[in-house]
Amino acid sequence: MTETRLVPMPADRLPGWLDRTMTEYVRSRMRAGESRERAEANAQRSTEQWFPDGTPLPEHFVWDVVDEQDEVVGFLWIGPFTVGGSEWWVFDVEIDEPYRRRGHARRALEAAQRLAAEHGATSIGLNVFGYNTGAQDLYAQLGYRVTATQMQLPLG
């Protein structure tokens, strides 16, 4: 079995990662039907809320997901959904394409769930876009349940 570890992302890599992850966030929101303007406004709000000085808020964790060869294979960001709250959130998780389907995401999420519980979390939630069926399957296998569904009918 492949090993997976969570290692704090080095501070010098956080700015580049944050730019990339927010760019991808905008693309995902647009793919899900949001206008570019609204998606960019949402990304800006998220950055200001969770990374007000360019670093994550206390109790927010941004990790590199690392394999048994100490190679970074992805990243994971979790933390409380409200400052000091017990309801935590998976804000972003991604495994790089060449390393997918090897169990890294599952093991990273399981480790993050344990850490969240150790920090007093009573639940951990996440958002998954409708087009990302592979992730939906993984989250269901891990015990996540659907709490809301948004739907859209394009008219043009």
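What follows is a short chat about helices in a predicted model.

User: Before we start, what should I know about the numbering and the model?
Analyst: Residues are numbered from 1 along each chain as its sequence is written, and this is a predicted model in which local features need pLDDT of at least 70 and side-chain atom pairs count only at pLDDT 80 or more, while totals for chains, interfaces and linings use all residues. Side-chain values use heavy atoms, with hydrogens and water left out.

User: OK, how many residues does helix α1 have, and how far does it reach?
Analyst: Helix α1 (residues 14-31) has 18 residues and reaches 25 Å from its first C-alpha to its last, close to the expected 26 Å, where the expected span is 1.5 Å times one less than the number of residues. Helices are DSSP runs of H or I with at least four residues, strands are E runs of at least two, and both are numbered from the N terminus.

User: Which residues of α1 are buried, and what covers them?
Analyst: The buried residues are Leu14, Trp17, Leu18, Thr21, Met22, Val26, Ser28 and Arg29, with buried meaning under 20% relative accessible area, exposed over 50% and partly exposed in between (1.4 Å probe, protein chains only). Their cover includes α2 (36-50) and the strands β2 (61-67), β3 (72-80) and β4 (87-95).

User: And what follows α1?
Analyst: Gly33 follows α1, and its phi is positive, near 115°.

User: How do α1 and α2 cross?
Analyst: Their axes come within 9 Å and cross at roughly 145°, where axes are lines fitted to C-alpha atoms, for helices over the stretch in contact, and angles run from 0 to 180 degrees between N-to-C directions. From α1, Leu18, Met22, Tyr25, Val26, Arg29 and Met30 meet Arg36, Ala39, Glu40, Asn42, Ala43, Ser46 and Thr47 of α2, contact being heavy atoms within 4.5 Å.

User: Switching topic, what about α3 and α4?
Analyst: The axes of α3 (residues 104-118) and α4 (residues 133-141) come within 11 Å and cross at roughly 45°. That angle makes α3 oblique to α4, since under 35 degrees counts as roughly parallel, over 145 as roughly antiparallel, 65 to 115 as roughly perpendicular and the rest as oblique. Ala105, Arg106 and Leu109 of α3 make the contact with Leu138, Tyr139 and Gln141 of α4.

User: Last one: where is Arg45, and how far is its C-alpha from that of Trp77?
Analyst: Arg45 is found in helix α2 and counts as partly exposed because its relative accessibility is 48%. The C-alpha atoms of Arg45 and Trp77 are separated by 17 Å, with the two residues 32 residues apart along the chain.
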